[in-house]
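Hi everyone, thanks for coming. I have one structure to walk you through today, so let me put it up on the screen.

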Amino acid sequence: MVDAKQLVEWFPNKKAKAPGMKNANVFYRNLEEALDIKRAENATFTIRKNEPNPRSMDFSTLDFLHLSKSGLIRQPFLDELSAHPDFHLGAGGSRLLNGNNAYTDEAEKEIAEFHSGETSLLFHSGFEANVAIMVSVPRPGDAIVFDELVHASMHEGMQTSKALCKKSFKHNDTESFREVLLEIRESEQMIREGKRSILVALESLYSMDGDLCPLKELIEIGGEIFPDGNIQFFVDEAHTTGVFGHQGRGFVNELGLEHKVAIRMHTYGKALACTGASVVCNDTVRDTLVNTARCFIYSTAPSFPMVAAIKAGYYLMRSGQTEALQDNIRHNVKHFCKTMSEHEIWDEANDEGILRIPNMDDWENNPMITQVMPVMTRQRYTKFLCYHLQLQSLNCFPIDYPVVPRGFNRLRIVFHATNTEAEVEHLANSICEWAQEMLLLEESGKGGVRIPSAARQVNEAHAAAELGRAGVPSGP
């Protein structure tokens with residue numbers, strides 16, 4: 001169980017450091033001055049220690065199928081190592097020199113076949129793969145159209161893309177998408193004449209909002225406006241690999257649109273509990289990445305253990321061992337929605353703006369509700385809710401600026417295959433208990449101070465820590 005002292009370490013007070021470094025080397029002082037700007041905006045990150053706490057219930061990690069926590073992937077991984085007892089630990093170089101091997105080639109073939117693709121290419125991470133795609137695939141004169149909430153890695157790649165025309169559309173808004181395409185058709189003569197192309201960049205599941213992209217509708221609109229096929233789609237399946245589709249093949253598979261999507265990116269550090277990513281595409285796209293993606297060309301090839309772990313994950317999916325886990329995730333999400341909606345405080349908390357869970361809207365009729373559930377409250381309350389849940393042994397965290405825009409902080413809940421119904425009920429009831437406390441505090445309005453009990457405990461622990469750093473005893 002997490003205590004208030006642990007929360008003080010996870011959520012430290014962020015004080016400026018540069019003013020106390022007047023005699024320090026200018027190199028380090030300038031870095032701290034830049035960090036102080038972020039500290040003042042409450043926009044710095046902290047590498048947390050002792051997280052996730054082993055005694056807390058996991059509603060935070062991206063180990064969606066709990067292959068890591070349960071250890072289910074461990075034995076297939078060890079079997080892969082045992083089947084190749086003479087493996088070399090390191091690759092020894094770039095795949096374009098002497099780092100390639102038949103084992104990696106075989107893994108990429110298996111990945112492509114599993115996802116009904118022509119071929120695939122492994123990368124060290126999803127971030128690296130996305131950057132490679134956005135930098136390498138669009139050509140001069142092409143355009144990139146992207147959902148405004150796509151991942152930071154896509155924006156990173158777009159900064160150096162050869163496509164000068166880059167336009168976003170409103171999140172999951174099909175009419176906004178149509179308007180952007182019509183604007184490009186009007187303004188870009190080469191694209192209008194079918195001599196250049198549009199690459200549409202999407203995520204299957206947007207991990208901060210937990211919603212799915214309207215992929216089928218977007219593809220239909222693209223084909224209507226550009227019937228000659230010079231609009232192609234790229235879908236990042238980071239949060240749907242292993243969770244959606246037959247045996248975990250992903251969201252594109254769930255919709256039966258594999259042959260309508262030119263590029264899919266599947267990551268392995270989440271549901272598959274290992275590391276790395278692959279791009280599923282055709283030979284032309286693969287050759288383009290091999291020849292122009294600098295992060296591929298100039299990186300050492302994946303190590304044997306990395307590829308072995310990926311193969312172990314695909315073995316579990318291909319053999320059907322993860323299908324029940326997929327079903328468990330959906331059951332847990334539905335059970336949460338049911339428990340929340342039936343709680344006596346839910347309607348009042350929702351009406352008063354203390355709690356809002358957008359993904360619960362029409363949850364009973366949603367066949368593809370996702371494992372990511374953002375909980376919205378008043379912005380200054382988000383951390384209060386986190387403290388309350390953490391002290392109840394419920395592991396989940398707030399998502400703040402700069403990860404999400406200012407004013408859109410939320411507590412992100414992630415459901416997993418091995419969460420029990422009792423754990424889910426404890427989560428729902430604890431959220432509602434906190435909402436009840438906040439409603440009472442707001443109603444009483446005691447001197448304008450609205451600090452709930454969990455937050456008071458953390459504030460007291462912060463004060464004790466400050467006294468300790470100052471050498472002042474914190475108690476009798």
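Let's start with K311: buried or exposed? This is a predicted model, and in it K311 has a relative accessible area of 7%. The cut-off for buried is under 20%, so K311 counts as buried. You'll find K311 in helix α14, which covers residues 304–318. And which residues does K311 touch, if we leave out those up to four places away in sequence? They are E80, Y103, E106, A107 and E110.

L182 sits in helix α8, residues 174–187. Its relative accessibility comes out at 34%.

Okay, let's zoom out to the domains.

How do the two domains meet? On the domain 1 side, 21 residues are in contact with 23 residues of domain 2. Together the domains bury about 1800 Å² between them, and carbon and sulfur atoms give 61% of that area. Within domain 1, L67, Q326 and M368 lose the most area to domain 2, and together they make up 31% of what that side buries.

Next, the polar side of this interface. There are two salt bridges between domain 1 and domain 2. If you'd like to find a salt bridge on screen, go to the side chains of E254 and R330, which come together at 3.7 Å, N to O. Ten residue pairs are in polar contact across the interface of domain 1 and domain 2.

Which elements of domain 1 supply at least two residues each to the side that touches domain 2? Those are α3 (67–70), α15 (323–342), β11 (372–375) and β14 (410–414). The most comes from α15, with three residues. Sorted by class, this side of domain 1 has twelve nonpolar, five polar and four charged residues.

That's my tour, thank you!

How values were computed: Residues are numbered from 1 along each chain as its sequence is written. This is a predicted model: local features need pLDDT of at least 70, side-chain atom pairs count only at pLDDT 80 or more; totals for chains, interfaces and linings use all residues. Side-chain values use heavy atoms; hydrogens and water are left out. Contact means heavy atoms within 4.5 Å. Buried area is the accessible area (1.4 Å probe) that two parts lose on being put together, summed over both. A salt bridge is a side-chain nitrogen of Lys or Arg within 4 Å of a carboxyl oxygen of Asp or Glu. A polar contact is a pair of N or O atoms within 3.5 Å; within protein, one must be able to donate a hydrogen and the other to accept it, and residues adjacent in sequence count only if both atoms are side-chain atoms. Helices (H or I, at least four residues) and strands (E, at least two) are DSSP runs, numbered from the N terminus. Ala, Val, Leu, Ile, Met, Phe, Trp, Tyr, Cys and Pro count as nonpolar, Asp, Glu, Lys and Arg as charged, and the others, Gly among them, as polar. Buried means under 20% relative accessible area, exposed over 50%, partly exposed in between (1.4 Å probe, protein chains only).
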